[in-house]
Amino acid sequence: MPDPRDRAEPAQPSLGHSTSTAERGSFCLAVCSCGWTGPARRSRDLARKDAVRHTAA
């Protein structure tokens with residue numbers, strides 16, 4: 001069952017970017033609707049922060 005905290009919320013509204021996190025084995029990574037993916041992390045919290053940084057840029 002997906003963890004409800006895996007949805008990353010953008011720091012501010014962005015145009016066309018919808019981010020979330022995805023599980024890949026024991027790793028978690030941030031993904032965006034624009035095609036961007038963050039680095040694989042063992043920490044969900046770090047993956048969520050990657051997503052927030054992406055949408056804030």
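Reader: Which side chains meet in a salt bridge at 3.3 Å, N to O?

Author: A salt bridge is counted when a side-chain nitrogen of Lys or Arg is within 4 Å of a carboxyl oxygen of Asp or Glu, and here the side chains of Asp-45 and Lys-49 meet in that way, with 3.3 Å from N to O. Before going on, please note that this is a predicted model, in which local features need pLDDT of at least 70 and side-chain atom pairs count only at pLDDT 80 or more, while totals for chains, interfaces and linings use all residues. Residues are numbered from 1 along each chain as its sequence is written, and side-chain values use heavy atoms, with hydrogens and water left out.

Reader: Where do Asp-45 and Lys-49 lie?

Author: Helices (H or I, at least four residues) and strands (E, at least two) are DSSP runs, numbered from the N terminus. Asp-45 and Lys-49 both lie in helix 1, 4 residues apart, which is about one turn of the helix.

Reader: Is Asp-45 buried, exposed or partly exposed, and what is its relative accessible area?

Author: Buried means under 20% relative accessible area, exposed means over 50%, and partly exposed is in between, with a 1.4 Å probe and protein chains only. Asp-45 is partly exposed, with a relative accessible area of 37%, and Lys-49 also counts as partly exposed, at 43% relative accessibility.

Reader: How many salt bridges does the structure hold?

Author: The structure holds 4 salt bridges. One of them joins Arg-44 to Glu-23, where the closest N and O atoms are 2.9 Å apart; this pair links distant parts of the chain, since Arg-44 is in helix 1 (residues 44-56) and Glu-23 is in strand 1, 21 residues apart. Arg-44 is partly exposed at 35% relative accessibility, and Glu-23 is partly exposed with a relative accessible area of 38%.

Reader: Which residues are linked in a network of salt bridges?

Author: Arg-41, Asp-50 and Arg-53 are linked in such a network. Within it, Arg-41 forms a salt bridge with Asp-50, the closest N and O atoms being 2.9 Å apart. Asp-50 counts as buried, at 8% relative accessibility, whereas Arg-41 is partly exposed, with a relative accessible area of 27%.

Reader: In what sense do strand 1 and strand 2 pair, and over how many bridges?

Author: Two strands pair if DSSP finds at least two bridges between them, and strand 1 (residues 19-24) pairs with strand 2 in the antiparallel sense over 6 bridges. Strand 2 (residues 27-32) is mostly covered, with 5 of its 6 residues buried.

Reader: How many disulfides does a search of the whole structure find?

Author: A disulfide is a covalent bond between the sulfur atoms of two cysteines, and the criterion used is a pair of cysteine sulfur atoms within 2.5 Å. A search of the whole structure finds 0 disulfides. Cys-32 is in none, and the nearest cysteine sulfur, that of Cys-34, is 3.6 Å away. Cys-32 is buried, with a relative accessible area of 9%, while Cys-34 counts as partly exposed, at 45% relative accessibility.

Reader: Where does Thr-55 lie?

Author: Thr-55 lies in helix 1 and is buried, with a relative accessible area of 5%.
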